[in-house]
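Okay, thanks everyone, I'll keep this short. Let me put the model up, and then we can walk through it together.

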Amino acid sequence: MEEQKGISQSPRELLEYNLLPLVCHLLMLTLALLFLWSNVTAFIQKSPTRIPEVQIPKDPVLECGQALRFEINCAFSVLQDIASGRVLKKFLSVCFLVICLSGRA
């Protein structure tokens, strides 16, 4: 489809910039500014900025990992049932899904 002159594009189309690269670039810029500021403070005899220490607690990470492991094991169990032919309805639905998706490619 050709673009007509005079029709304005959305800001996202003009920038062609996604959220994740924007966040990453802003974090890198912030890190570079903090690095420069900490080095400049030595020349102007000012105390460096105190950056708080951040630590992730162990328990929530372990709980998240266990929940993810449980969900993956459930998915493997369902896939094993489908592959062994125990659940014919799910096997046929997966076959139908694969056929439909391969037709669109």
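Quick definition before we read the fold: helices (H or I, at least four residues) and strands (E, at least two) are DSSP runs, numbered from the N terminus. Read along the sequence, what you get is α-α-α-α, that is, four helices and zero strands.

Some housekeeping. Residues are numbered from 1 along each chain as its sequence is written. This is a predicted model, where local features need pLDDT of at least 70, side-chain atom pairs count only at pLDDT 80 or more, and totals for chains, interfaces and linings use all residues, while side-chain values use heavy atoms, with hydrogens and water left out.

So, how confident is the predictor? pLDDT is its confidence in each residue, from 0 to 100. The chain mean is 82, with 83% of residues at 70 or more.

Now the annotation. An unreviewed UniProt entry marks residues 20-40 as "transmembrane region"; positions follow the numbering used here, feature names are shortened, and such annotations may be inferred rather than shown by experiment. In the model that span is 100% helix and 0% strand, and its end C-alpha atoms lie 30 Å apart.

On to exposure. Buried means under 20% relative accessible area, exposed over 50%, and partly exposed in between (1.4 Å probe, protein chains only).

Leu27 sits in helix H2 (residues 19-43) and is exposed, at 58%.

What about the cysteines? Cys24 is partly exposed at 37%, and Cys64 is exposed at 52%. With a disulfide taken as a pair of cysteine sulfur atoms within 2.5 Å, the count is zero.

Last one: salt bridges, meaning a Lys or Arg side-chain nitrogen within 4 Å of an Asp or Glu carboxyl oxygen. The structure holds one, joining Arg86 and Asp81 at 2.9 Å, N to O. Arg86 is exposed, with 60% relative accessible area.

How values were computed:
pLDDT = per-residue confidence, 0-100.
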